[in-house]
Each structure stands twice: as C-alpha cells, then as structure tokens.
Amino acid sequence: MAETVVIFDFDKTIIDVDSDNWVIDELGFTDLFNQLLPTMPWNSLMDKMMEEIHSNGKTIEDIVEVLKRIPIHPRIVPAIKSVHALGCELRIVSDANMFFIEAILKHLGIREYFSEINTNPGFVDEEGRLRICPFHDFTQSSHGCNLCPPNMCKGKVIERIQESLGKKKIIYLGDGIGDYCPSLKLTETDYLMPRKNYPVWDLISRNPMVIKAEMHEWIDGEDFERILLEIIAGISVSIDHLFSADCKLQTIPISAMPKALSVPH
C-alpha cells in the first residue's frame, strides 16, 4: 500500500482534545489565556503563554508530564499501527506545535510511524523556555488564503504534498475549521474522513458538492479505526483488480517456447 498516504490532523483527531487548551488548563493558566485571547492571534498567544508559564516556575518537564496525560481513544494507537503495517505512509498536518506533538507521540510509542510532521515549530530555548513559532511567518508576508489562520494554511501544505506524490492516493482525517481548506484540495481519487458534528463537518454539510474526494464521516476512535481500515482494504482490492486485469500472466507450455528459452533436459 505504498501508493496510499494517510494524512492526519492531530488535535481532536488523533487525540481527543486540543493540546494547547489541555496544557493551559492543566497548568492552571486558563483565566490569563482567556483574558489575552481577544488581543492576539492564537499561535502568538501560545508563545506568550509559554513565557508566562516559564516565568511562574513551570518547567519543560512539567509540560511533558501534562502531555503524557492527554486523553486519547483506546483504538487510535492500534489503528495507526495497523495502517502502518499495511504499508501506508503516514503524515501529520496540524496547527498544534512540534514540541507537543512529538512529546505525545513518543509517549504513545508511535513517533516512528510518521514520515513527516507539518506543524508550527516548537523548541526549548537556552533559558529552558518553550518557544512556539508560526509555520508561516505572517509578520513577513501573508500566505494569501482567507480560509485559514495567518500562521498556517493547511491547503498549501496539501498542495505541496500532492506535487511530491504523483498519482498516490490521499486519505485525509480532520475535525476543525483549519481542515476545510485542505479538504477542498483533495481530488476524485482521494478520500476524506471529517469528524461528524465537528466544525469541518459542519462547513462541508453546508455545501457538500465542493468536495471532490470520496467522503466517510466518523464519530469516535472505533469509527476512526474501522472506516480507515475499510477504505484501505477497498483501495487494496481495487489495485489488485487492476493488476489482475492488466497484467495477466499466461502459461506457456515448454514445447511452445523458443529454443533459447527451453529448459535443458
């Protein structure tokens, strides 16, 4: 199944919550976050909150311990392992940040299953403070998409991935408003798995005709696993059918072989 690439959103798709909100709430900074939220973009606010958390004596280890407790449906990790075992390439496109995502994936023991993570950079500086930067530096120029937040257009990421994949099929899973733009980029040969009753599903439901990909909604981790594996099985059957139709091997009796190809006695 190397011809299939599965692309996951992260927050509320692989994990059951928003990782930014989870860290802020668990460390006790919800009130400050809500106070500052109207004053700056989300991505910039998260960098500011990491500064506040650091200045209040919280360490990187404290953040990692909080991330280890993040809720995840029990069928998600087995599903990811199964999909990888079937030979699919796995990638992440997320508006979270690299530090949070990698800390969670390493804790779950599945970091090595993903060939690429596209997200906002997150790193620990020389003072031991977590810095969170925009994927697209909107202070220098705009990415030009009015559907996406200023720091990241997932649609442009999908377009770049599509250019590198050739004719490979994409299965895209997501839940949020930011997953709408990449959903519009998928083609008729791709598959879209929007999480039902979440923002991306609501947007698509208003005008489903704008989606070219074959759509399969899902509700929880059990759906996530079952539907994803069903799609991959269907792709596999389709590929096997095409192979058998186009590449039938004919049995040629030895007596009919050219002498140069005959098996010596």
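**Exercise 1.** Find which residues of helix α1 meet which residues of helix α4, and classify the contact.

*Solution.* Trp-22, Val-23 and Glu-26 in α1 meet Ile-63, Val-66 and Leu-67 in α4; contact here means heavy atoms within 4.5 Å. Helices (H or I, at least four residues) and strands (E, at least two) are DSSP runs numbered from the N terminus. By class, this contact has five nonpolar residues, no polar ones and one charged. Ala, Val, Leu, Ile, Met, Phe, Trp, Tyr, Cys and Pro count as nonpolar, Asp, Glu, Lys and Arg as charged, and the others, Gly among them, as polar.

The model is a predicted one, in which local features need pLDDT of at least 70 and side-chain atom pairs pLDDT 80 or more, whereas totals for chains, interfaces and linings use all residues. Residues are numbered from 1 along each chain as its sequence is written, and side-chain values use heavy atoms, leaving out hydrogens and water.

**Exercise 2.** Determine how α1 and α4 are oriented to each other.

*Solution.* Take α1 as residues 19-26 and α4 as residues 60-68. Their axes lie 10 Å apart, at an angle of about 120°; axes are lines fitted to C-alpha atoms, for helices over the stretch in contact, and angles run from 0 to 180 degrees between N-to-C directions. That makes α1 oblique to α4. Angles under 35 degrees count as roughly parallel, over 145 as roughly antiparallel, 65 to 115 as roughly perpendicular and the rest as oblique. The crossing of the two is right-handed, the near helix being turned clockwise from the far one by less than a right angle.

**Exercise 3.** Name the members of the largest nonpolar core that touch the most other members.

*Solution.* A nonpolar core is a set of buried Ala, Val, Leu, Ile, Met, Phe, Trp, Tyr and Cys residues joined through side-chain atoms within 4.5 Å. Buried means under 20% relative accessible area (1.4 Å probe, protein chains only). Of the 54 residues, the answer is Val-6, Phe-8, Met-50, Ile-63, Phe-114, Ile-171 and Leu-228. Apart from this core lies another, of 17 residues, including Val-157 and Ile-170.

Note on methods: Buried < 20%, exposed > 50% of the residue type's maximum accessible area, 1.4 Å probe, protein only.
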